[in-house]
Amino acid sequence: MSESVDILEQKENVAAGMLGALLLSTIGGALWVLLFYFNIFHEICGVACVVGAVIGYRLFAKSASLKGVILSIVISIFMLLVASYFSLTLDVYYAYQNWYANGEVAHAIEYYQALSGAYQFLSEPLIALACLKEFGIGILFVLLGSFVFIIDGVRHHKMMKEY
C-alpha cells in the first residue's frame, strides 16, 4: 500500500514525458509508412502510435496521469500527421518514377525532392480529400486505442484527489 502511495506522490516530469511520447510514437508512425508502402490498411497504426506514446510518456515522466494521456493523444495525432506526409511523399516519388518511365516528365526526382515538394499536391482536391480521409481514420484509431488509457488516467486522477 505504501508503494502505491509513493508512486502517486511522485512528481511528474512533463517535458521528459512528452519527449518519451514523441520517441515511442515514432514507432507507430514508421509502421504507418511501412504499411502504406505495402498497401496494407495502415490507418490501424494509430493504435500503435497512441500505445507507444502513452508508454513513452509513463517511462520518461515516471508517472501515469490523465494529463499524460491527453498529451500522448495530441502527440500521437501529430505523429500521424507526419506519417501521412511521408506517405504522400512516397506517392509523389513513385508517381514521378512512373511518369519518367512513361516519358511524361523529362527527369525523375530524388526522394528528398519529393519530400520537399509533396505539399504542393495537396492543392488537388482529390488528393487532399484522400489524405484527409486517411488521417481521419487514423485519428479514429488513436481515440479507440487510447480508450483504456483514458479510463486508467481518470482512475488515477480520482486516486490523487483522495490523497
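**Ground rules.** I am working with a predicted model, where local features need pLDDT of at least 70, side-chain atom pairs count only at pLDDT 80 or more, and totals for chains, interfaces and linings use all residues. Residues are numbered from 1 along each chain as its sequence is written, and side-chain values use heavy atoms, with hydrogens and water left out.

**Entry one: S76.** I looked up S76 and found it in helix α4, residues 66-101. Helices are DSSP runs of H or I, at least four residues, numbered from the N terminus. Is S76 buried or exposed? S76 is buried, at a relative accessible area of 0%. (Buried means under 20%, exposed over 50%, partly exposed in between, with a 1.4 Å probe and protein chains only.) I then listed its contacts, meaning heavy atoms within 4.5 Å. Leaving out residues up to four places away in sequence, S76 touches C49, V50, A53 and V142. A polar atom of the S76 side chain lies 3.4 Å from the backbone nitrogen of V50.

**Entry two: rings.** I counted seven aromatic pairs. Rings of Phe, Tyr and Trp (its six-membered ring) pair if their centres lie within 6.5 Å; planes under 30 degrees apart are stacked, over 60 edge-to-face, the rest tilted. Y93 and Y94 have ring centres 5.1 Å apart and planes at 75°, so they are edge-to-face. Y94 is partly exposed, at 37%. Y96 and W99 are also edge-to-face, because their planes stand at 65°, with centres 5.0 Å apart. Both lie in helix α4, three residues apart, about one turn of the helix. I noted Y96 as partly exposed at 22%, and W99 as partly exposed at 29%.

Methods: Helices (H or I, at least four residues) and strands (E, at least two) are DSSP runs, numbered from the N terminus. A polar contact is a pair of N or O atoms within 3.5 Å; within protein, one must be able to donate a hydrogen and the other to accept it, and residues adjacent in sequence count only if both atoms are side-chain atoms.
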